[in-house]
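Hi everyone, thanks for coming.

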Amino acid sequence: DKTNELARPLLGFTKEEIRSYARSAQLPFLEDRSNDTDAYLRNRIRNHIVPLVMAESPVWKEQLDRMQEELSALRQRDDRSFERWKSDAVKGLESGHIRLDRSLCFEHPHYFSRWIREYTGSHTLKAPRIPSSGSGQQLEFGSHRLQVERDHLLCVSDAGGSPEELF
């Protein structure tokens with residue numbers, strides 16, 4: 001279950017196409033009044049910059065749509081890679097703490113950071129940097145600690161809750 005993901009099924013349609021469909025289907029069309037003002041950056045871009053770019057390059061919208069599709073495909077591939085990393089790196093519970101494969105966390109800091117954000121529910125926390133060698137260190141991040149061992153990390157939550165919920 002992904003959080004903070006938006007479904008935007010009408011993004012590929014122009015406002016006029018949506019209005020036209022609403023009229024033909026006899027559906028009421030409501031528009032947010034904030035769209036009528038240039039007080040917001042999104043509206044200044046939509047009302048002033050997009051028309052200039054379209055005048056210079058009429059295929060710009062199609063190129064942008066194609067790039068969005070490619071980015072979406074890359075995101076899906078990265079999501080699958082992250083799930084594989086997670087199944088390899090998250091080794092289970094040890095004394096009520098989550099055991100992580102140290103080398104995989106060190107080799108893939110972007111996935112480790114993503115796991116930290118997923119585990120803590122915080123999108124602002126930055127994962128601590130895993131030292132390449134040594135053990136016995138404790139690294140703090142938010143209300144959590146990482147206990148660094150020779151070949152693994154133990155993730156300890158000071159916030160309570162049950163790590164079993166992740167499995």
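I'll talk through a few neighbouring strands and then one histidine.

Quick housekeeping: this is a predicted model, so to speak, where local features need pLDDT of at least 70 and side-chain atom pairs count only at pLDDT 80 or more, while totals for chains, interfaces and linings use all residues. Residues are numbered from 1 along each chain as its sequence is written, and side-chain values use heavy atoms, with hydrogens and water left out.

Okay, strands. Those, like helices, are DSSP runs numbered from the N terminus: E for strands, at least two residues, and H or I for helices, at least four. Strands pair if DSSP finds at least two bridges between them.

Start with β3, residues 138-141: four bridges join it to β4, and the two run antiparallel. F141 has H144 in β4 as its bridge partner. Their hairpin has two residues between the strands, and G142 there takes a positive phi near 60 degrees.

On we go to β5, residues 152-157, which pairs with β4 through five bridges, again antiparallel. V148 stands opposite L153 in β5, and the hairpin linking β4 to β5 has three residues.

So is β4 enclosed or open? Four of its five residues, 144-148, are buried, so β4 is largely enclosed by the rest of the structure. Buried means under 20% relative accessible area, exposed over 50%, partly exposed in between, using a 1.4 Å probe and protein chains only.

Now H152, in β5. H152 is buried too, at 11% relative accessible area. Leaving aside neighbours within four places in sequence, H152 is in contact (heavy atoms within 4.5 Å) with E94, R99, L100, R102 and Q147.
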